[in-house]
Amino acid sequence: MKIGFIGTGKIGSAIIKGLLNAKNSSQDIYVYDGGHKSAQKIAAEFNLRLVNSYTEFNACQAVIVAVSGSSAEAILKQLGQKYHGIMLSTGGGDLTQINSGLAQDTTFAKIVPNTPVQIGSGITAISFIPDEKPEVIATVKKIFTQMGAVYVVPENLLGIYGTVAGCTPAFVDLMIAALSDAAVQNGIKRADSYQIIEQMLLGTSQLALASKKLPEELKDEVTTPGGSTIRGVAKLEETGFRNALIQAVNAAAN
């Protein structure tokens, strides 16, 4: 499948790397030049096709506009006049409004992937217009299931899905750094602390996914009466750990 890209920042680059890691041919990835050094750099690094006009994207089944805000809407409007296929955007744009101005053989959907898509462990939320063709939905899902889990959600929930999947990795990174500091403070080497903590998080997540147990159940399996774990949990509650996370998500979502 040939896929085009307009925008090769962090998210655009992450998707490109994810597609390449999923064994897609580099020559099936088209990148719009537009004089952007980032596009030229990634095209040269991975031997991608560099194009100079939107009409060249007509060889692609889908074009991903990985640009934010009002710039994305302007690009989508221009792209819709020259490209016929599936337009996907990580930025702004109202689904119904944009689709109403497109040709019959062109459609628009919104996507919110997170950066772990680059290693095949990502999450992508997708919103389609209510009467989208099944073959379009299947094509878009096929692109992103190569890079992790896919959730098709209503447009009004796309933002919060994106916040929980896309913003919270930064929260987890902060937690890793803090846990590492505590480990170093208690005598563990920095490099060893990162390895232990990251493996712990990976194993904890895999256990939760495999067991299908509620977080409270899994927590109770670790906390013995009067033990060290429950003392740590009590201190987290005392210092507002859970409330801090809830407030952080709300702040990011709004």
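Author: What follows is a conversation about this structure, from the whole chain down to single residues.

Author: This is a predicted model, in which local features need pLDDT of at least 70 and side-chain atom pairs count only at pLDDT 80 or more, while totals for chains, interfaces and linings use all residues. Residues are numbered from 1 along each chain as its sequence is written, and side-chain values use heavy atoms, with hydrogens and water left out.

Reader: How many helices and strands does the protein chain have?

Author: The protein chain has ten helices and eight strands. Helices (H or I, at least four residues) and strands (E, at least two) are DSSP runs, numbered from the N terminus.

Reader: What box do the C-alpha atoms fill?

Author: Taken along the principal axes, the box is roughly 65 × 40 × 30 Å.

Reader: And what percentage of the residues count as buried?

Author: Of the 254 residues, 36% count as buried. Buried means under 20% relative accessible area, exposed means over 50%, and partly exposed lies in between (1.4 Å probe, protein chains only). The protein chain exposes about 14,400 Å², and carbon and sulfur atoms supply 55% of that area. Accessible areas come from the Shrake-Rupley method with a 1.4 Å probe; for residues, only the protein chains shown count as cover.

Reader: Let us turn to charges. How many salt bridges does the structure hold?

Author: It holds eight salt bridges. A salt bridge is a side-chain nitrogen of Lys or Arg within 4 Å of a carboxyl oxygen of Asp or Glu.

Reader: With which residue does Lys219 form a salt bridge?

Author: Its partner is Glu216, and the closest N and O atoms are 3.1 Å apart. Lys219 is partly exposed at 30% relative accessibility, and Glu216 is partly exposed at 41%.

Reader: Where does Arg242 come in?

Author: Arg242 meets Glu216 in a salt bridge of 3.7 Å, N to O. This pair links distant parts of the chain, with Glu216 in helix H8 and Arg242 in helix H10 (residues 241-253), 26 residues apart. Arg242 also forms a salt bridge with Glu237, with 2.9 Å between the closest N and O atoms. Glu237 is partly exposed at 41% relative accessibility, and Arg242 is partly exposed at 48%.

Reader: Which residues do the shared partners join into one network?

Author: The network consists of Glu216, Lys219, Glu237 and Arg242, joined by salt bridges that share partners.

Reader: A new topic, please. How many aromatic pairs are found?

Author: A search of the whole structure finds three aromatic pairs. Rings of Phe, Tyr and Trp (its six-membered ring) pair if their centres lie within 6.5 Å; planes under 30 degrees apart count as stacked, over 60 as edge-to-face and the rest as tilted. Tyr151 and Tyr161 form a tilted pair, with 6.1 Å from centre to centre and 45° between the planes.

Reader: Why does that pair tie together parts that are apart in sequence?

Author: Tyr151 lies in strand E8 (residues 148-152) and Tyr161 in helix H6 (residues 155-185), so the pair joins parts that are ten residues apart in sequence. Tyr151 is partly exposed at 40%, as is Tyr161 at 35%. Elsewhere, ring pairs link Tyr32, Tyr54 and Phe57 into a cluster.

Reader: Which residues make the nonpolar surface patch?

Author: Tyr151, Leu157, Ile160, Tyr161 and Val164 make this patch of about 410 Å². Its largest share, four residues, comes from H6. Patches are made of residues with over 30% relative accessible area and no salt bridge: like charges are joined within 9 Å, and nonpolar side chains (Val, Leu, Ile, Met, Phe, Trp, Tyr) within 5 Å.

Reader: What does Thr8 touch?

Author: Not counting residues up to four places away in sequence, Thr8 touches Ser13, Ile16, Val31, Ser38, Ala39 and Ile42. Contact means heavy atoms within 4.5 Å.
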